[in-house]
Amino acid sequence: MGSLTPDAFEAALLQLIEPHLRADGKTPVICCGMVGARQGWIEAPYVPVPARPSGTAIVAPTRDPRLDVRILPGMSQTNPADVMRGEETQIAGFIAAHPDWDGVLCLPGTHAKWAQISAGEVVSFRTFMTGELYALLSRQSVLRHSLSGGADTVDAAAFLEALGDAMSRPEWVAGALFALRAEGLVATLEPATARARLSGMLIGHELAAARPYWLGQRVALIGSDALTARYATALNAQGVTAERTDAADLTLRGLAAAFDALQQET
């Protein structure tokens, strides 16, 4: 989205899907995510919660007569202010696969989402910039000198220790972050251990703030194997056994459910 102007989205889409278009009519295309943002192809207004995560799709303007493009809306929350785009389609896919499921969904990623689900609706949700903070700190801050290089391994003990420290004393996290750099200089802290501690601190900070969402709740994780495994480990340390699901599969399920709903409308 960041490299395209609104009038360039159709050409970019055609590069991806032209071999699959019908020759004798329009091909329906369902899109989700940032393509429907204000800076995207066309804005698909947010659906306020509580609501089902499958609002009415917006028709995107196209010139090619073979295209019938619909963009799914994101979801919004007023108090506290929050928004999501794309994750709601994964949530819709999860609900399609688990229609009677009530509890909390956690979607780790650049902007981790915690969503309360009841009776097939998103009741409330909160966003945490944990993934983006990790990327910024590890690539652009002074910590990058202590985190780069070394073995590409996961130091599970260092992760859990940092996680516990961040959850019990979140006010110390800012100081503990710089200690990663200091220990790299004066105590030869291994980069793999530094990376594990940074991840543990940030996820621990997130879990401390998201406690009302996971404490005493049924929790499922939606995301990549690596991220959901790390969050599952963090939650298990708090006595919570979280179910793990694949984000790609649920995205496809959510898009398929949206297409089925669109077909019923027409």
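The following dialogue works through a predicted model and asks how its computed values lead to the terms used for it.

Student: What is the overall make-up of the protein in this model?

Tutor: The protein has ten helices and eleven strands, and its C-alpha trace spans about 70 × 40 × 30 Å along the principal axes. Of the 266 residues, 45% are buried. Among contacts between residues at least 6 apart in sequence, 67% join residues at least 24 apart.

Student: Why is the aromatic pair of Phe-9 and Trp-41 called stacked?

Tutor: Two values matter here, because a pair of aromatic rings is described by the distance of the centres and the angle of the planes. For Phe-9 and Trp-41 the centres are 6.0 Å apart and the planes stand at 20 degrees.

Student: Why do Phe-9 and Trp-41 count as buried?

Tutor: Buried means under 20% relative accessible area. Phe-9 has 9% relative accessibility and is therefore buried, and Trp-41, with a relative accessible area of 8%, is buried by that criterion as well.

Student: What makes the pair of Phe-94 and Trp-101 edge-to-face?

Tutor: The ring centres of Phe-94 and Trp-101 are 5.0 Å apart and the planes stand at 80 degrees; because planes over 60 degrees apart count as edge-to-face, that is the term for this pair. Phe-94 and Trp-101 are both buried, and the structure holds two aromatic pairs.

Student: How do you know that Arg-85 and Arg-230 sit over aromatic rings?

Tutor: The charged atom of Arg, CZ, has to be within 6 Å of the ring centre and within 35 degrees of the ring normal. Arg-85 lies over the face of Tyr-46 at 4.2 Å from the ring centre, and the charged end of Arg-230 is 5.6 Å from the centre of the ring of Phe-159.

Student: Where is Ser-76, and why is Ser-76 called buried?

Tutor: Ser-76 is in strand S5 (residues 75–77), and its relative accessibility of 16% falls under the 20% cut-off, so Ser-76 counts as buried. Leaving aside neighbours within four places in sequence, the contacts of Ser-76 include Tyr-46, Val-47, Asp-82 and Phe-125.

Student: Why is Met-34 called partly exposed?

Tutor: Met-34 has a relative accessible area of 43%, which lies between the 20% limit for buried and the 50% limit for exposed, so the term is partly exposed. Met-34 is located in the loop between S1 and S2. Beyond neighbours within four places in sequence, Met-34 is in contact with Met-1, Gly-40 and Arg-85.

Student: What lines the largest pocket?

Tutor: The largest pocket has a volume of about 590 Å³ and is lined by 28 residues, of which Tyr-134, Ser-199, Ile-203, Leu-227 and Arg-230 lie nearest its centre. Helix H3 (130–140), helix H5 (156–168), helix H7 (191–209) and helix H9 (225–236) are the elements that give two or more residues to this lining. The lining divides into 15 nonpolar, eight polar and five charged residues.

Student: Which residues are closest to the centre of the second largest pocket?

Tutor: Of the 14 residues that line the second largest pocket, Ala-162, Asp-165, Ala-176, Arg-197 and Met-201 are the closest to its centre. The second largest pocket holds about 230 Å³ of space, and its lining divides into eight nonpolar, one polar and five charged residues.

Technical notes
Residues numbered from 1 in each chain as written. Predicted model: local features only at pLDDT ≥ 70, side-chain atom pairs only at ≥ 80, totals over all residues. Heavy atoms only, no water. 1 Å grid on protein atoms, 1.4 Å probe; cavity = no way out; pocket = protein on both sides within 12 Å on 5 of 7 lines; lining within 4 Å. Points joined across faces, edges and corners; volume = space filled by probe spheres on them. Helix = DSSP H or I, 4+ residues; strand = E, 2+ residues; numbered from the N terminus. Nonpolar A, V, L, I, M, F, W, Y, C, P; charged D, E, K, R; others polar. Phe/Tyr/Trp six-rings, centres within 6.5 Å; stacked < 30°, edge-to-face > 60°. Buried < 20%, exposed > 50% of the residue type's maximum accessible area, 1.4 Å probe, protein only. Contact = heavy atoms within 4.5 Å.
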